[in-house]
Amino acid sequence: MNVTVLRFPGTNCEFDTEYAFKRLAQSVTIVWHEEEVIPANTDLVVVPGGFSYGDYLRSGAIARFSPVMKAVKAYADNGGYVLGICNGFQILLESHLLPGAMKRNENLHFVSKHQHLKVVNNDNRFLRHCEEGEILNIPIAHAEGNYFIDDEGLKRLHDNGQVLLTYCDADGNPDNPNGSVDDIAGICNEKRNVFGLMPHPERAVETILGSADGVKMLEGFIL
Amino acid sequence: MKAIVNVYLKEGVLDPQGKAVHHALDALGFKGVNDVRIGKQIVLDLDAASMHEAQKEVEKMCETLLANTVIEDYAVEIVQ
């Protein structure tokens, strides 16, 4: 599989993402945000975490207008797979490739810790190796992970099975670190080819890191 | 010409910063504050033929970049 990882000014998770996929024996190309095309034969575009454009104005607001994002939109419109992690998720929201918006954490803290997640829906490429209801342990690190969508949009997400992951404790009870609506940690679009989540699966690929649960997620994209 | 843009979270969207400041004011003894909303002010210095044209142009900027209309409202004021 050929993975394309984007890099904006301020991105800082591109090498972690590269490492994670290389560990899974996949080929990875890091692409600068000024590029206007996605490399041919790309099987997955990852918009990685970090602080694109210093998160000025709003997280992801300026990155959305980088030339490469036009190519990502065309790639996604053609059914290509796109995964946005943390700041990448924020960029996909600002780009309207995913519905909703991100606000500052309700407690105003930058939260950095291991967090349990519940798999709500596995009928998609991303979570197909997970069981529904399975509890995963994946690190989070963000100040703006307070996912918001209006009531109508929220109903649509639930009705279409687009809510993929929710925050919980080790026993599966709701445990929300940022105030996001309905404890949402990750969603996908209606066509199920664009995915976004605040937790960092690429930081959970070896037990020495505290968890290898991220492997299952990333492996979902490998055929 | 100057344009002053105020961006606030929409009514009904919880404002975590506003809430924290509200608590702090209360703790400092400033009673009787019903609500606190925190927004941002963006001041633009721009060339425009008329105030009307400037208003229209800045509103376009707000819809495109300056505000996220999913969660934010904005108000534009043009001053000479």
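Colleague: How many salt bridges are there between chain A and chain B?

Modeller: This is a predicted model, where local features need pLDDT of at least 70, side-chain atom pairs count only at pLDDT 80 or more, and totals for chains, interfaces and linings use all residues. Side-chain values use heavy atoms, without hydrogens or water. A salt bridge is a side-chain nitrogen of Lys or Arg within 4 Å of a carboxyl oxygen of Asp or Glu. Between chain A and chain B the count is one.

Colleague: Which side chains meet in a salt bridge at 3.8 Å, N to O?

Modeller: One partner, on chain A, is Arg58(A). The other, on chain B, is Glu72(B).

Colleague: What is the area buried between chain A and chain B?

Modeller: Buried area is the accessible area (1.4 Å probe) that two parts lose on being put together, summed over both. Carbon and sulfur atoms give 66% of it here, and the total is about 1,400 Å².

Colleague: Which residues in chain A lose the most area to chain B?

Modeller: Three residues together account for 39% of what the chain A side buries. They are Leu57(A), Arg58(A) and Lys103(A).

Colleague: In strand 4 of chain A, which residue is the bridge partner of Leu44(A)?

Modeller: Strands are DSSP runs (E, at least two residues), numbered from the N terminus, and two strands pair if DSSP finds at least two bridges between them. Strand 3 (residues 44-47) of chain A runs parallel to strand 4 (residues 81-85) of chain A, with four bridges joining them. The partner of Leu44(A) in strand 4 is Tyr81(A).

Technical notes
Residues numbered from 1 in each chain as written. Chains lettered and ligands numbered in written order. Buried < 20%, exposed > 50% of the residue type's maximum accessible area, 1.4 Å probe, protein only.
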